[in-house]
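Subject: Structure handover

Hello,

Here is the structure for you to look through. My notes follow below it.

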Amino acid sequence: MEKVNGERSNDPKSLESANDVPRVRNLLLRSMCAVYLMAFVSFYCQAEGLYGDEGILPASRILANGTLKERLSLLQLGPFLGVGNGHEAIDLLCLVGATVAFLGLVTRVHCRLLSFIVMWSVYFSLVQISQSFRQQADHLLLEAGFLCILLAPTRLNDGRHPMEDIALLLLKWLVFRFMFASGSVKLASGCPLWWSLDGLKRHYETMPLPTSYSWYTYQLPDAFHRLSTIYVYLSELVCPWLFFAPSRAVRRFALGWHVFLHLNIIGCGNYGFLSPLVLSLLLTLLDDEDELAVWAQDHLSEAAEPTRRRPVATRPTTKGRSNHAEVPVVDTDRNGGRFVKAIAALMVIGSWICFSIGLSNDGQLTFSPNFTRDQYVSVMQAMVRAAPLLVFVLMVRKFLKLLASQDSVGSLADGMRQFSKNLGLLISTIVAFTVFFMSIVPHSRLLPSTAISSPVMTRAYGGLHSLYVVNQYGRHLTKMRPVRREIILEYADDVNGTWHEYGFQYKPWTLDRSASLPYGGLHFPRFDFKFYDGAGSKTDAQKWIYPLIQRLLEHRRPVLDLLDGRHVPAKAPRYIRTSLYRFAYTTSFTEGGFWARERLSDYFNVFSLDDTHLQEKLKRMNFPTSPVEQGSWNWLLRWLLDAVRRFVGAIEGSYLLMGLFVAAGTLIYTQQQQLRVGQST
């Protein structure tokens, strides 16, 4: 709302225009650009070693021998651009995606429909070649990114569009599904550690890539960990239902609850962009009149297109005051505070009853679930069925509101013109409802008794899932690992000689305190992360280790760059073996650091370059014996890509991301300063 002669304007058109600012949409889209930036940069930092011509799982292997679905990727355009389909084409896609994401983060002008189509298409192409290194975070980002395509504005304006409410509801439904799935499977799996409330403490020790924060938290009393486990159950099973509450105060309560949860998750583990993505989706709990949304809009607007502030209702001043003075009247949720207090009290009382919280004779807190697994499953069945019904009712309500907002039709000709005008809206609505109905299929699979068996629904879901538009979540923590096992790579020049260990950047491998629990920040080290899956499964299930060993025996520099450069041999070793170790947290630093470990067994036998077993495994995988380049004629573009790779390769992923976000913050701050100077003049 503009000021005239130092006073606020009460012009109705100005008020209506200010009310029309979609603050939550703008904030969510800018936040999603930040998440995309994390994902693209993290992928870029590891792309050459993982998917390059000399990498562990070359992308050309999939693009040449994969199925039609696997070969659906923008990398197929690499030969037409003269860079082939190897690591240079991957670098080009990563840099394009990161550039679009950075521009969308720093300025709303580039945060629109075309940008989100580009980012989704590019990241989908990268995930297509991820193979064994694909993670749950990739699925969640692609599903959220697709819904952002429905949300993003087409033109460079700040106005609303009719699909906004439905798209925001679908994003809210997505974060509900993710959180609810993460919680429901824990107790449904029957894992004794989750039922005894010891699962969270064990998780601090056995999570994929722990940090020093997880070590310190692990040292806290058992009663704290069991209370924390109850907090996690409330966060994932109870609190998500508050996402759909009509009360703003209740939704803010749920938002604050989950912000605290995910800040702790970011602190205790190297999950990369997963938690920032969930936090971005949680912005759907706000509305455009929320103070946080207003504050963000004011601090993210550009000088070229100044933000329109929320109108403030006023009332006349009391007698004796200036007629020009106005006292703001804050429109509050009158019963919101009472609802929040009632919900908090019910959570405490319910937890006390359900888990029989009490005191032992020595004054210690005791816990014991006051319900059986059958009772839990019965309640979960009702909750799994009720959630889609609730969201469907809300979607229909918003759809009817959308129809009511359309112009009336007086004749057939008017109807045809209206249909032509709203064709895009019609297509978006059909896509939105299709995505919603297909998302019910993975949601229903949280329990075997609620799974949808309709072949039509399952085939349709399979089609959308192949594009990662709809995915299933919650399977990563069904059963907690009782102990931590780690795969350690060792090399030697004599099969009977002294074995030395390869170093890792993020994965636990050494007992040295300074290097055993590094913090990756927003960077997602998927190479180190994958060893967590390998240590918890059979050796035959981890076929990617065979080409890893082959590349290490060949001493390929892109693969060596994935490791800690201070702990790799100066020349190619003759023999490599993999050992399985058991790792456990120490109870104090007087024991020598964060970890204690013992060797359990060989994970793989000793391999050499001429080992027949290794070569047979690689042959079955269609692993290329030598790099093959096709269509790499654009020497200038290739030189530029290699120059960028050499420059960026010297910067560790977490520091690179930190630098980019500092630069983005500086640009946004500079825009704000220009805006203030323009307004003052």
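Is Trp 241 buried, partly exposed or exposed? Trp 241 is partly exposed, with a relative accessible area of 23%. Please keep in mind that this is a predicted model.

**Overall**

The protein has 26 helices and 10 strands. Of its 681 residues, 52% count as buried. Take the contacts between residues at least 6 apart in sequence: 75% of them join residues at least 24 apart.

**Aromatic pairs**

I searched the whole structure for aromatic pairs, and the search finds 47. One of them joins Phe 176 and Trp 241. The geometry is edge-to-face, with 5.2 Å centre to centre and 80° between the planes. Phe 176 lies in helix H8 (residues 164–188). Trp 241 sits in the loop between helix H12 (222–238) and helix H13 (248–268). These parts are 65 residues apart in sequence, so the pair ties them together.

A second pair is Phe 399 with Phe 433. The ring centres are 5.7 Å apart and the planes stand at 80°, so this pair is edge-to-face too. Phe 399 belongs to helix H17 (residues 373–404) and Phe 433 to helix H19 (residues 423–444). The two residues are 34 apart, and their pair links distant parts of the chain. Phe 399 counts as partly exposed, at 25% relative accessibility. Phe 433 is buried, at 15% relative accessible area.

Ring pairs link Trp 173, Phe 176, Phe 180, Trp 241, Phe 244, Phe 392, Phe 399, Phe 433, Phe 436 and Phe 437.

**Helix H8**

H8 has 25 residues. From first C-alpha to last, H8 reaches 36 Å, close to the 36 Å expected at 1.5 Å a residue. H8 is mostly covered, with 24 of its 25 residues buried. After H8 comes Gly 190, whose phi is positive, near 80°.

Look at Arg 177, which is also found in helix H8. Arg 177 counts as buried, at 4% relative accessibility. What does Arg 177 contact, leaving aside its neighbours within four places in sequence? The contacts are Glu 143, Ser 439, Pro 442, His 443, Val 470, Asn 471 and Tyr 473.

**Charges over rings**

The charged end of Arg 481 sits over the ring of Tyr 532, 3.7 Å from the ring centre. Arg 597 lies over the face of Tyr 581, and the distance to the ring centre is 4.4 Å.

**Nonpolar core**

The largest nonpolar core has 198 residues. Those with the most contacts inside it are Tyr 36, Ile 90, Phe 116, Tyr 123 and Phe 527. Helix H2 (residues 23–51) gives the largest share of this core, 19 residues.

Leaving aside its neighbours within four places in sequence, Phe 527 touches Gln 46, Leu 50, Ile 56, Phe 133, Phe 504, Leu 548, Leu 562 and Leu 563.

**Record annotation**

The unreviewed UniProt entry lists "transmembrane region" for residues 27–44, 89–106, 113–133, 168–195, 223–244, 339–359, 379–396 and 423–441. I looked at two of these spans in the model. Residues 27–44 are 100% helix and 0% strand, and their end C-alpha atoms lie 26 Å apart. Residues 339–359 are 76% helix and 10% strand, with 30 Å between the end C-alpha atoms.

Which phi value does His 555 have? The value is near 60°, positive in a residue other than glycine. His 555 lies in the loop between helix H22 (545–554) and helix H23 (557–560). At 17% relative accessibility, His 555 counts as buried.

Asn 622 is another such case, with phi near 55°. Asn 622 lies in the loop between helix H24 (612–620) and helix H25 (635–649). Asn 622 is partly exposed, with a relative accessible area of 46%.

Best wishes

Key: Residues are numbered from 1 along each chain as its sequence is written. This is a predicted model: local features need pLDDT of at least 70, side-chain atom pairs count only at pLDDT 80 or more; totals for chains, interfaces and linings use all residues. Side-chain values use heavy atoms; hydrogens and water are left out. Rings of Phe, Tyr and Trp (its six-membered ring) pair if their centres lie within 6.5 Å; planes under 30 degrees apart count as stacked, over 60 as edge-to-face and the rest as tilted. Helices (H or I, at least four residues) and strands (E, at least two) are DSSP runs, numbered from the N terminus. Buried means under 20% relative accessible area, exposed over 50%, partly exposed in between (1.4 Å probe, protein chains only). A charge sits over a ring if NZ of Lys or CZ of Arg is within 6 Å of the ring centre and within 35 degrees of the ring normal. UniProt positions are given in the numbering used here, feature names are shortened, and annotations may be inferred rather than shown by experiment. A nonpolar core is a set of buried Ala, Val, Leu, Ile, Met, Phe, Trp, Tyr and Cys residues joined through side-chain atoms within 4.5 Å. Contact means heavy atoms within 4.5 Å. The expected span of a helix is 1.5 Å times one less than its number of residues.
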